[in-house]
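Dear colleague,

Please find below the structure that I am passing on to you.

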Amino acid sequence: MPPQQEEQDLSADHSATRAVMGHPHRQDPRQQHRRRSSSLSEFTLYEIHQDEIVEQDPEKDQTLHAGGLVLVAEPEKLKEQLNDSVLEEFELEDQGTFKCTNWSGKHYYSDYIKAGIEYKQKQDPEYLPKKDVVMLFESPSSHFTDSAFHNASKYRFHDWPPPKYSRSKSVLGPNRYACMNGSSYPVFLRDGAPPAGLLEHWAEVLPDFVPPTFVDKIDTQENSVYAYLPVEQLQHHVNDPETHFHLAGKDAIHLMTQKTTQLLPDTRTKRPCVVKTTHSMGSKGIFIIADDEDEKEFEDFLLESGNPSYVVVDFVDIARNVACHFFMHPNGSVVWFGSNENHREPDGKFSTDSYLLLEHQESLKEMQLPFVEEVVRYCRAMNFWGFCGIDVLFDSSGAGYLVDINPRVTGSCPALMTLQKLQTVYGFDVGMFRRAGDINYRGSSQKLLQEVSQYNQDHKGKSCVVIHSMYESAAKEENDPDSVITQVNLGVYGKSLGECKLVLNHFAKPDDAC
């Protein structure tokens, strides 16, 4: 699905350039004469690169490309015009209708959040008085006290059993999203920067890469956060944290739509049934209850994990497992990033890999839009906006069931954005992305970067490996560099799905395969 060019290129739009320069379409000749006789000291010279403007000094810059230059009398108006360009992706006239446009490829996560905040502040000047916004992609934990953000008593998430490596959790997810953050607001990283070499890798492989900035501290008094999930310790959230927590719960789905699995009163009324803890993530806290033995396993889990809340729903015989990713503007319109699907393996189980196929994007979008529209309307009624993803299961008859809503940036979204960017340059139309579980490369992070760089050079124009995130663990055996493991979130993009899978299996192996 090639990106739709919804936005105008300011450097190619002559009417926009005239407006920037302050020249009306028709002028009195005397006014034109006065304008021409003005001193150059009254103007500022800018060179325009797509959405970036760079001030030029003719005395210092020896080479000036005249085609991209404008002479500006009021430079602040030009900056405002470029800052507002993201708003062109939205229908700002609020008519109560659902509007959805495809991602243009020009703006990134923090750009959309900035646009939403500015829109909200125009509606309500008192909205979000703390203007130093930080993008927080690290999820809080309720079971790991050494996590950067520990929700001990409020907004408890059922991340049980805890991950093997709590330190890697603060690196893998946040960096995965940072590669598509843009530069409007900084990203919080506990270490203050990505692992060595990762930023340079992104710049090398991602077309039109916009380097993010980073902070390693959040001032609870001065900063507002756009949070992946609500955090107990932080005072100023872009969205109300109580609402955010409500929407993140599986007990909220039945309030949004009837296109979902039937709620059951208990685990014995109908079997098989599915039990889900309300605020779990990934595949944690999900049990299929077919008999009393399954029931016993679930009861043991409840005792061990602190008796979390849960819902019981009807079992669906799954034929297709599809997810989509989108941004909800405060006015109710939507930017669509795309869809991915989990395919069934020969053993009958669904793969945890995300299959990305551009030729299927429009049909997948058509399948999921009815569910998205109901989610968006509910979120807007709750005054919630921002990034979101949903999971929809389809049975063999084609009936669909909304089974999960993730009111945040979702895992495969950066991979979909990457594929669309690579499609515009190389014509790539397929990709595979692997992040679920403990996915590892046997070797150091620097060895991984070197091997990936060599692969990309050798296969330029045919396929490309992108390390979205990585975390090097300590050597399992002392003085044995070969025992070093680098955990990865990694995608392979190209023109052959089979080749992508082979390359993915080489660079990103599940833990039990290392």
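The notes below begin with the chain as a whole and then turn to individual sites.

Please bear in mind that this is a predicted model. The chain has 514 residues, of which 51% are buried. Its secondary structure amounts to 13 helices and 21 strands. Of the contacts between residues at least 6 apart in sequence, 70% join residues at least 24 apart. The accessible surface is about 23,900 Å², and carbon and sulfur atoms account for 48% of that area.

Aromatic side chains

A search of the whole structure returned 25 aromatic pairs. F298 counts as buried because its relative accessibility is 2%, below the 20% limit. Y310, in contrast, is partly exposed, because its 38% falls between the limits of 20% and 50%.

F371 and F394 form an aromatic pair that is also edge-to-face, at 6.3 Å centre to centre and with 90° between the planes. Since F371 belongs to helix α10 (residues 361-381) and F394 to strand β15 (residues 386-395), this pair ties together parts that are 23 residues apart in sequence. Both F371 and F394 are buried.

Ring pairs also join a set of residues into a cluster: W103, Y108, Y109, Y112, F137, Y177, Y226, Y228, F327, F337, W385 and F387. Elsewhere, K120 lies over the face of Y127, 5.1 Å from the ring centre.

D111 is located in helix α4 (residues 109-123). Apart from neighbours within four places in sequence, D111 is in contact with V86, N181, S183 and S184.

A glycine in strand β20

G494 lies in strand β20 (residues 485-494). With a relative accessibility of 0%, G494 counts as buried. If residues up to four places away in sequence are set aside, G494 touches F428, D429, V430, K462, S463 and C500. The C-alpha atoms of G494 and K460 are 9.8 Å apart, while the two residues are 34 apart in sequence.

Backbone geometry

- The peptide bond from R271 to P272 is cis, with omega near 0°. P272 is in the loop between α8 (253-256) and β9 (273-277).
- L128 is not a glycine, yet has a positive phi of about 50°. This residue sits in the loop between α4 and β5 (132-136). L128 counts as buried, because its relative accessibility is 9%.
- N307, likewise a residue other than glycine, has a positive phi near 55°. N307 is in the loop between α9 and β11. Its relative accessible area is 57%, over the 50% limit, and therefore N307 is exposed.

With kind regards

Terms used: Residues are numbered from 1 along each chain as its sequence is written. This is a predicted model: local features need pLDDT of at least 70, side-chain atom pairs count only at pLDDT 80 or more; totals for chains, interfaces and linings use all residues. Side-chain values use heavy atoms; hydrogens and water are left out. Rings of Phe, Tyr and Trp (its six-membered ring) pair if their centres lie within 6.5 Å; planes under 30 degrees apart count as stacked, over 60 as edge-to-face and the rest as tilted. Buried means under 20% relative accessible area, exposed over 50%, partly exposed in between (1.4 Å probe, protein chains only). Helices (H or I, at least four residues) and strands (E, at least two) are DSSP runs, numbered from the N terminus. A charge sits over a ring if NZ of Lys or CZ of Arg is within 6 Å of the ring centre and within 35 degrees of the ring normal. Contact means heavy atoms within 4.5 Å. Accessible areas come from the Shrake-Rupley method with a 1.4 Å probe; for residues, only the protein chains shown count as cover.
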